[in-house]
Amino acid sequence: MSSTTHLSDPGSELVLGIETSCDETAASIVAGGTTVLSSVVSSQVDLHARYGGVVPEIASRAHVEMITPVVAQALVEAGVEGRDLSAVAATHGPGLVGSLLVGVSAAKALSLVWDVPFVAVNHLEAHLYASFIEEPELKMPLVVLLVSGGHTMLVLMRGHGDYEVLGSTLDDAAGEAYDKVARYLGLGYPGGPIVDQLAVTGQASIDFPRPVLADGYKFSFSGLKTAVVNHVRKNPDVAFEDVAASFQEAVVEVLVTKARRAAAEYDAQGLVIGGGVAANSRLREAILDVCVEDGLHGFLPSHSYCTDNAAMVAAVGWWRWHSDGASPLDTGANPNLTIPSRSPQV
Ligand code: KG4
Ligand code: ZN
């Protein structure tokens, strides 16, 4: 199919999306796969901040507490009721198993109560689709740089549902490197937005390594994080602003160089970004520059669609429902789910 038709059609079918894969409890109502009527995100950041990272047990308990009010708020803000919905979609992986189970169980229960289909959604596919929410007419082939706290990968999207992972990280994800560097510097959690903010006033004067820059589409950020730690140990008086700016420059140069190379090699029409790190100010600026210089159709999703949210889950849920039909009710949470590479016919 050319599912562009579906994605660009305003449509009237309402899908409730539910996202609980990590530390955000989120629910959203999306019409026709692209028109967001509500998108509610309850962040658990304050609960995890004192531990410097997400504590799985605390995350699942908080999801249990928040799932009902968050879904109720999404319905109220959209001005709809359960019986108006066409489907209920939930992230079923990858992520923390205890967290995923809360969203998946809630979605199945609601689908039974409202007698509508349940659709299991892949969290990574949802991040790939974040740009389509605001720009449904993106042309394929499209290179997507997916950079989050758990994943860093370059994906070639040849069509809707037709993906090829060109490369991913050998160790830490980009967001994880941000979080670890921030934790080492004692800056707080999550580290990405803090380092991003700090870098604005710093000079990228420290020559940190650009890991595996020449090596295809693989990424590696663990050595860069260690280089930051070693530099700060050797230079205790170094300005953290300069460390932040220099670290960020190294990360962004690696990400953008590889994304640009992939777009050229695969004759991509467009280049987009997704995942929490896609909210990074320097990365957004650099991606836009590349798109202008190389004549690529680029798109930068709003910050609220970069970080974890349920609008992207509802969008993919709508599309997958049209493509594959409802998911069986015995579909479980799958913490290790990978990007689907199958090309479904719609
Ligand atoms: O996609 P996301 O919300 O959750 C996952 O699926 O992992 O991404 C969260 C990650 C965290 O590591 C966070 O530090 C990072 O995204 N992040 C950023 C920025 N905002 C969030 N990293 C760099 N710059 C930012 N502005
Ligand atoms: Zn995510």
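Good morning. I begin with a pair of strands: strand 4, residues 87-93, and strand 5 run parallel and are joined by five bridges. Within that pair, threonine 91 stands opposite valine 121 of strand 5. Please keep in mind that what we are viewing is a predicted model.

These two strands belong to an open sheet of five strands, ordered 3-2-1-4-5, in which the pairing is mixed. Its edges are formed by strand 3 (35-43) and strand 5 (118-122), each of which pairs on one side only. On average, and with direction ignored, neighbouring strands of this sheet are turned by 20 degrees against each other.

Let me turn to the helices. Helix 3, residues 56-78, packs on the sheet and touches strand 1 (14-19), strand 2 (24-31) and strand 3. The direction of helix 3 makes about 25 degrees with that of strand 2. Helix 4, residues 97-114, lies across strand 1, strand 4 and strand 5, and it runs at about 160 degrees to strand 4.

I now come to the ligand. Which residues come nearest to ligand 1? Of the 20 residues around it, they are Gly149, Asp179, Gly192, Asp196 and Gly276. Glycine 276 places a backbone N or O atom 3.0 Å from an oxygen atom of ligand 1. For aspartate 308, a backbone N or O atom likewise lies 3.0 Å from an oxygen atom of ligand 1. Histidine 123 contributes through its side chain, with a polar atom 3.3 Å from an oxygen atom of the ligand. How much of the accessible area of ligand 1 does the protein cover? On its own, ligand 1 has 560 Å² of accessible area, and the protein covers 89% of it.

Thank you for your attention.

Conventions. Residues are numbered from 1 along each chain as its sequence is written. Chains are lettered from A and ligands numbered from 1 in the order in which they are written. This is a predicted model: local features need pLDDT of at least 70, side-chain atom pairs count only at pLDDT 80 or more; totals for chains, interfaces and linings use all residues. Side-chain values use heavy atoms; hydrogens and water are left out. Two strands pair if DSSP finds at least two bridges between them. Helices (H or I, at least four residues) and strands (E, at least two) are DSSP runs, numbered from the N terminus. Axes are lines fitted to C-alpha atoms, for helices over the stretch in contact, and angles run from 0 to 180 degrees between N-to-C directions. Contact means heavy atoms within 4.5 Å. A residue is near a molecule or strand if one of its heavy atoms lies within 4 Å of it. A polar contact is a pair of N or O atoms within 3.5 Å; within protein, one must be able to donate a hydrogen and the other to accept it, and residues adjacent in sequence count only if both atoms are side-chain atoms. Accessible areas come from the Shrake-Rupley method with a 1.4 Å probe; for residues, only the protein chains shown count as cover.
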